Amino acid sequence: MSSDVLKKTYLLKGIGVSPGIATGKAYIFNRSDPQISFYKLSDANLVSKEIKRFKKALKESEKELLEVKNKLANLEVMEPLYIMDVHIMILRDKKFINHTIKQIKEMSVNAEWAVGMTIDKYKEIFALVEDDYLRGRFSDVQYVGQRIIRNLAGEKKEVVNVGEGFIIVAQDLSPADTAQMKIERVLGFATDIGGKTSHTAIVAQAIEIPAVVGLESITSIVHTNDDIIVDGSSGLVIVNPDPEMLIRYKDKKKDYQHIQEDFLKDANLPAITKDNYRVEIGGNIEFSEEIPSAIAHGANGIGLYRTEFIYINREQLPTEEEHFANYRRIIGINGLAWSTIRTFDLGGDKFFSDPKLAHEMNPQMGLRAIRFCLKEVDLFKVQLWAIIRASAYGKTRILFPMISGIEEIREAKKIFCEVKDELLTRGIPLGNDVEIGVMIEVPSAVMIADKLAREVDFFSIGTNDLIQYALAIDRINERVTYLYEPLHPAVLRLIKQTVDVGHEAGIRVAMCGEMAGEPACTMILLGLELDELSMNPSAIPRIKKIIRETTLEESKELLKRIMTFSSSVEIRGYVVNYMRERFPELFPPSNLRAACP
Ligand code: PEP
Ligand code: MG
């Protein structure tokens, strides 16, 4: 068996029937399968006992199969005998056995669960086999695996807490199904079938866990133990999310949990300080399904639409019409004053469907985003055509990611103009006030911001990458997270320089990195005079509340003070204390780090 196959990310759209976000491991609930119990082994002693138990179940299964084979020996046809031989071979297969033992050891889980994982592993491998007949042989592995599980269960009959601590993935869930679960320990539901009034929906609402139903084929895509995100608010399920997406959803989840009723009540009040400084508030989205939530949380517009998901999880590249349909669901929607569409920001690690993007050792600094677009102009044009066409329906801003030098923005603008001219020649209606912006997320862009400002209508500071590149910290490497600090003096200087230069040139400066949605940073960003803050929708109510309860003057004072400090530790300590005293209800002491990650 090959080592771990790179897991493919899937985005599935169903019906969100119970709001909230669950992130965790999937558990495939299948009524016809023997129930697979799950429990952790607390010490090494139990692990070796469990391996012995597994080996014993193997022997018993083999004995049973040999008995069946003997009974069949008198038959005239040989086919069933061959099948029995194949099954016995699988039972003795070293890779099958070793993989299961490895799971028991490494995950400290019971043998039934480990066998289930091995079956899932084989399922993945067989799915890659081109020949139909050979691919169908997976059923033999499944058959043998289930026999072993039944033999294991023979020793330990009771089903232990089905689905505890997991997200249950099933075709559908009947009252009988949920009755056998420790339901209060389940994290979420995702089912193939069902509607708003299905049992799954009712149970999920009652126990307040996120649920998405009507996903059609989720049970054939997900394997037990896959990472999975269930967003019951937008009806989306993401299987095997990439690490950044997982982090973002974990943040969304945290924010969702923190939102209190009274924030939502005031969510639509404008973000204006007591001394009348107005900040535009945008929502960051990845899917058009998130728009109702963005509006409900108080977004004035969309400050960042990450378009990457239009591309991944598909065999063919998206057509212009598919792009257009996506943008039409956003641009000009009631309740949104503007929409910022970021052209795609993909690197080889995310873009499974296209061989042109080779696997790169260091994709964060590789051929991604605008660099890739300028190499694959035809592909880039398809997206631009669609965005410009959609601009006929409402205020549109186009944002180019990862700009590191002036040539890139000039080249991107040239292509934009070519596309626009082509559309005009064809007599296709388009918006006449499309704005062009660059993401400021590479330190070199800050250094030449005065030059860039002459080329564009606005800047949007992407602190997620800017911090990563300025401080040389991989944003998804948890071993260096402690160094990932938006309040680092270098980061603050980079932001200040960008805003000052942008304003001198008379253009708007927005921020769409996660820092924009961190309550601890809000007064600092106000002091820096950002014109727009765009963030995860669920963070908006809190940020707006802070803005409404302070003044520009007070924020500038705070900024002035912290700009004299030389370390991020000093700055964080000072700002957090300040915010805690100033907004005690928003910064409960026990939750301080969570509120300002
Ligand atoms: C950023 O880098 O801050 C940003 C908003 O873009 P992304 O997180 O998509 O890289
Ligand atoms: Mg970025």
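Predicted model: local features only at pLDDT ≥ 70, side-chain atom pairs only at ≥ 80, totals over all residues.

**Surface and overall make-up**

I began with the surface: the chain exposes about 26,200 Å², and carbon and sulfur atoms supply 53% of it. Accessible areas here come from the Shrake-Rupley method with a 1.4 Å probe, and for residues only the protein chains shown count as cover.

Residues are numbered from 1 along each chain as its sequence is written, chains are lettered from A and ligands numbered from 1 in the order in which they are written, and side-chain values use heavy atoms, with hydrogens and water left out.

I then looked up the secondary structure and found 25 helices and 16 strands in the chain. These are DSSP runs numbered from the N terminus: helices are H or I with at least four residues, strands E with at least two. Of the 597 residues, 56% count as buried; buried means under 20% relative accessible area, exposed over 50%, and partly exposed in between, with a 1.4 Å probe and protein chains only. For contacts (heavy atoms within 4.5 Å) between residues at least 6 apart in sequence, 70% join residues at least 24 apart.

**Ligand 1**

Which residues are closest to ligand 1? I find 13 residues around it, the closest being Arg 306, Arg 342, Gly 462, Asn 464 and Arg 475. A residue is near a molecule if one of its heavy atoms lies within 4 Å of it.

I listed some polar contacts next, meaning pairs of N or O atoms within 3.5 Å; within protein, one must be able to donate a hydrogen and the other to accept it, and residues adjacent in sequence count only if both atoms are side-chain atoms. A polar side-chain atom of Arg 342 is 2.9 Å from an oxygen atom of ligand 1. An N or O atom in the side chain of Asp 465 lies 3.0 Å from a ligand 1 oxygen, and for Thr 463 a polar backbone atom is 3.1 Å from an oxygen of the ligand. Ligand 1 has 290 Å² of accessible area on its own, and the protein covers 97% of it.

Two elements, β10 (301-306) and α19 (463-471), each supply at least two residues of the shell. The largest share, three residues, comes from α19. I also sorted the shell by class and got six charged, four polar and three nonpolar residues. In this scheme Ala, Val, Leu, Ile, Met, Phe, Trp, Tyr, Cys and Pro count as nonpolar, Asp, Glu, Lys and Arg as charged, and the others, Gly among them, as polar.

**Nonpolar cores**

A nonpolar core is a set of buried Ala, Val, Leu, Ile, Met, Phe, Trp, Tyr and Cys residues joined through side-chain atoms within 4.5 Å. The largest one has 102 residues, of which Phe 400, Phe 459, Leu 530 and Leu 533 touch the most other members. Helix α15 (residues 377-390) gives the most to this core, eight residues. Apart from it I see another core, of 48 residues, including Phe 38 and Ile 148.

I followed up Phe 459: leaving out residues up to four places away in sequence, its contacts include Val 438, Ile 440, Leu 452, Val 509 and Arg 508.

**Two loops with positive phi**

Most residues other than glycine have a negative phi. I noted Met 402, with phi near 60°, in the loop between β12 (396-400) and α16 (406-425). Is Met 402 buried or exposed? Met 402 is buried, because its relative accessible area is 1%. Asn 240 has phi near 50° and sits in the loop between β8 (236-239) and α10. Asn 240 also counts as buried, at 11% relative accessibility.

Val 442 is in the loop between β13 (435-440) and α17 (443-447). Beyond four places in sequence, Val 442 touches Met 402, Ile 403, Ser 404, Leu 466 and Tyr 469. Val 442 and Ile 403 are 39 residues apart in sequence, yet 7.0 Å apart C-alpha to C-alpha.

Last, I checked Met 245 in helix α10 (residues 243-258). Met 245 counts as buried because its relative accessible area is 1%. With neighbours within four places left aside, Met 245 is in contact with Ile 229, Ile 238, Glu 286, Phe 287 and Phe 309.
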